Amino acid sequence: MGVGIEVVSLNAWYGTNHTLQDIHLNMPANHATALIGPSGCGKSTFVRCLNRMHETNPIARVTGTVRIGDLDIYKDAKPVEIRRRVGMVFQRPNPFPTMSIYDNVAAGLKLNGYSNRRALDEIVERSLKNSALWDEVKDDLKKKSGASLSGGQQQRLCIARALAVDPEVLLMDEPASALDPVSTSKIEDLIFQLKSQYTIVIVTHNMQQAARVAEKTGFFLNGRMVEFDSTHKIFTNPSDKRTEDYITGRFG
Amino acid sequence: MRALTDGAASALAVLSTVLVVAPLVAIFIYLVYKGGSSLNWAFFTKNPAPVGEEGGGMANAILGSGILLAIASLIGVPIGIGGGIFLAEFGRGTKLAGAVRFTADVLNGVPSIVMGLAAYALIVVPLGHFSAFAGGVALGIMMIPTVCRTTEEMLLMVPHSVREAALALGVPNWRSVLSITVKTASPGIITGCMLAFARVAGETAPLIFTALGNSNWSTDLNGPISALPLQIYVYALSPYDEWHRLAWAGALVLIVLIVLAVSLVRFVTSRGVLKGAS
């Protein structure tokens with residue numbers, strides 16, 4: 001089951017660059033939240049703060065509070081524990097090139113010392129079914145490398161890999177921006193189904209995509225969150241002039 | 001005009017390819033011509049015959065080279081790979097890493113005879129006798145810089161996105177480095193190890209003051225041992241035609257054995273590589 005995410009006065013820096021300024025946000029459990037905004041507005045940095053990937057860059061720094069469920073992720077837990085509860089899918093598909101399809105999906109569990117073969121088989125099958133890839137790969141699970149799949153398949157493989165560790169939240173950083181329209185619509189269908197089990201946060205440049213998959217939408221600009229509301233409201237009747245300018249294509 | 005340029009560039013590429021391959025082929029043909037006739041069963045089963053006696057072989061030298069290279073690999077490969085992992089993953093940007101990198105580069109440039117002298121001073125003199133162990137150490141130290149720097153370069157070539165993928169799954173950094181990054185880079189790392197291995201397999205100078213050479217069958221790590229390059233060196237300098245032929249045959253065997261060893265490692269490590277894996 002998904003859990004809600006509560007962000008209170010979050011600030012983030014890269015070196016001296018103050019990339020996120022005083023973000024407050026509540027994302028409901030088992031819903032999809034879309035984050036939109038022009039390039040460099042801080043939306044990617046924001047999702048990377050939600051699983052503490054931001055701090056893997058040595059010059060990065062974060063202050064503020066992020067609660068995922070009832071866990072204060074910057075106080076109560078280590079980064080590796082957070083990342084098992086908060087899965088992430090990146091912009092470019094990044095399967096492990098030397099691993100088979102099966103091992104890619106099982107990687108998160110295997111590398112953390114999980115070795116029950118039968119349970120792994122089941123988890124791999126369930127994860128690949130959940131990411132709508134099972135039927136396409138079930139015959140070459142251990143024969144083919146993850147890198148041999150097409151771009152769209154690789155991205156669904158990466159989603160399966162993230163799902164296999166049974167997270168509560170799934171972060172998606174422009175998951176379809178490197179894919180063709182057919183693959184994109186598959187990923188969007190998938191997001192729709194996954195909402196019932198996970199809380200989803202999706203960064204996107206594609207406003208139609210945000211409108212299609214998300215109940216809530218946040219608009220970021222220059223490191224601040226300008227507006228956060230129901231997707232319907234943001235796209236039909238935004239309260240901030242800057243949001244309106246952005247979604248009507250006047251800039252960005 | 002464009003077709004002409006294209007044709008010229010292709011011709012140059014083909015010519016270069018021929019020039020790259022030609023020396024190896026020429027050497028190989030010459031070795032077969034000069035030494036092929038001395039290759040017989042005795043060459044692989046008998047020890048060198050005393051002066052004036054017919055026959056004899058290089059069985060002890062082949063075994064000695066095997067032992068020396070085993071010791072060298074046991075020292076050079078783990079230390080080199082460990083150093084490379086440190087340089088690329090854990091020590092990036094630190095002063096220590098800079099110092100290690102500089103040392104490795106200097107070590108790579110040290111003439112092999114100096115390496116032999118160092119092993120002589122540090123191992124042979126304190127122990128009071130020449131030994132296979134000292135020879136293996138000298139060769140092993142020579143392997144370290146090549147293995148270390150290749151490992152570093154291959155690890156740095158692993159895309160950042162692959163490391164991020166592992167970290168985002170909640171895999172601890174050390175685990176991600178060992179199980180993901182090193183594994184992804186392993187074909188290149190293995191190539192580096194094989195290059196280092198092949199290079200020291202033919203080294204003579206570092207063995208002169210360390211392994212010394214031995215005309216008898218010996219597996220004693222603590223005593224002098226023969227090696228193919230040493231035996232070739234001794235025979236080539238001798239005044240006897242028979243020994244000259246044996247030296248040519250020894251050189252041929254040395255090259256073939258290196259090719260076999262490298263091919264074997266490639267074959268073993270390429271099994272289990274999946275379809276489509278880069």
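Which pattern does chain B follow, read along the sequence? The pattern is α-α-α-α-α-α-α-α-α-α-α. The legends below describe a predicted model.

**View 1. Chain B is built with 11 helices and zero strands.** The C-alpha atoms of chain B fill a box of roughly 70 × 65 × 35 Å, taken along the principal axes. Chain B has 278 residues, and 40% of them count as buried. Its contacts also reach along the sequence. Take the contacts in chain B between residues at least 6 apart in sequence: 73% of these join residues at least 24 apart.

**View 2. Helix 3 and helix 4 of chain B cross at roughly 135°.** Helix 3 of chain B spans residues 59-90, and helix 4 of chain B spans residues 95-109. Their axes come within 10 Å. The angle makes helix 3 of chain B oblique to helix 4 of chain B. The crossing of these two helices is left-handed. On the side of helix 3 of chain B, the contact is made by Gly83(B), Phe86(B) and Leu87(B). Helix 4 of chain B brings Ala97(B), Val100(B), Arg101(B) and Ala104(B). By class, this contact has five nonpolar, one polar and one charged residues.

**View 3. Chain A meets chain B through 26 residues of chain A and 20 residues of chain B.** Two elements give two or more residues to the side of chain A that touches chain B: helix 2 (79-85) and helix 3 (101-110) of chain A. The largest share, four residues, comes from helix 2 of chain A. By class, the side of chain A that touches chain B has 10 nonpolar, nine polar and seven charged residues.

**View 4. Strand 3 of chain A is largely enclosed by the rest of the structure.** This strand covers residues 32-36, and five of its five residues are buried. In a regular strand, side chains alternate between the two faces of the sheet. Here Ala32(A), Ala34(A) and Ile36(A) point one way from strand 3 of chain A. Thr33(A) and Leu35(A) point the other way. Residues on both sides are buried.

**View 5. Strand 3 of chain A pairs with strand 8 of chain A and with strand 9 of chain A.** Strand 8 of chain A holds residues 199-203 and pairs with strand 3 of chain A in the parallel sense, over four bridges. In this pairing, Ala32(A) stands opposite Ile200(A). Strand 9 of chain A holds residues 216-221, and its pairing with strand 3 of chain A is parallel too, over four bridges. There, Ala34(A) stands opposite Thr217(A).

Key: Residues numbered from 1 in each chain as written. Chains lettered and ligands numbered in written order. Predicted model: local features only at pLDDT ≥ 70, side-chain atom pairs only at ≥ 80, totals over all residues. Contact = placed C-beta atoms within 7 Å. Nonpolar A, V, L, I, M, F, W, Y, C, P; charged D, E, K, R; others polar. Axes fitted to C-alpha atoms, helices over the stretch in contact; angles between N-to-C directions. Parallel < 35°, antiparallel > 145°, perpendicular 65-115°, else oblique. Left-handed = near helix turned anticlockwise from the far one by under 90°. Buried ≥ 20, exposed ≤ 12 C-beta atoms within 10 Å, placed from the backbone. Pairing = 2+ DSSP bridges.
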